[in-house]
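Hi everyone, thanks for coming.

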Amino acid sequence: EKNWVMCHNSAGDMRVVYDWSPLTIGRLDGSKLVDLEKDTAVPAFFRDVRGSTNGCRVGGDIWFLCHLVHHSSPRHYYHIIVVLDAQTLKYVRHSVMFKFHGDPIEYALGLVVEPERVLISYSRNDASSALLELPRATVDNELFPKANA
């Protein structure tokens with residue numbers, strides 16, 4: 001499934017986010033997704049959220065770079081970072097929506113969160129690859145406003 005994303009919980013077990021609303025997470029048994037757990041305690045707009053990157057451990061959390069699509073011509077992609085608790089895999093918070101460069105079609109490919117920077121690899125207009133490097137402080141201060149914490 002193209003919008004499934006994977007992560008390791010705090011115990012190191014592989015889990016798969018099947019859907020963001022309700023937040024539906026399971027584990028792989030061969031090629032089957034089993035032991036699905038659903039959590040409805042997510043924002044209503046998560047019904048339109050799709051997975052982009054696998055989860056990246058950040059302390060006791062797991063960060064996912066996700067997207068929403070405005071179906072215009074051309075379509076426009078907007079991004080958010082969704083944070084889950086690494087132990088419970090419950091929703092913790094999300095960032096504000098943002099664009100990488102400003103192109104209508106931006107599809108995230110990878111997320112790396114380091115102590116001093118955040119790296120995002122993405123495609124621009126389904127035609128070229130790009131790498132965005134942001135200071136970690138900028139991400140923490142501008143993408144996660146205090147009211148959302």
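**A sheet, a threonine and a helix**

Let's start with a pair: V16 stands opposite G26 in β3. Before I go on, this is a predicted model, where local features need pLDDT of at least 70 and side-chain atom pairs count only at pLDDT 80 or more, while totals for chains, interfaces and linings use all residues. Residues are numbered from 1 along each chain as its sequence is written, and side-chain values use heavy atoms, leaving out hydrogens and water.

Strands β2 (residues 14-20) and β3 (residues 23-29) run antiparallel, joined by four bridges. Strands here are DSSP runs of E, at least two residues, and helices are H or I runs of at least four, numbered from the N terminus; two strands pair if DSSP finds at least two bridges between them. The open sheet has four strands in the order β1-β2-β3-β4, with antiparallel pairing. β1 (5-8) and β4 (32-39) each have a single partner strand, so one side of each lacks a neighbour in the sheet.

Next, T53, in the loop between β5 (50-51) and β6 (56-58). Is T53 buried or exposed? T53 counts as buried, at 2% relative accessibility; buried means under 20% relative accessible area and exposed over 50%, with partly exposed in between (1.4 Å probe, protein chains only). The T53 side chain reaches the backbone nitrogen of L65 at 3.0 Å.

Last, helix α1 (residues 136-143): its buried residues are R136, V139 and L143. On the other side of α1, N141 and E142 are exposed.

Technical notes:
A polar contact is a pair of N or O atoms within 3.5 Å; within protein, one must be able to donate a hydrogen and the other to accept it, and residues adjacent in sequence count only if both atoms are side-chain atoms.
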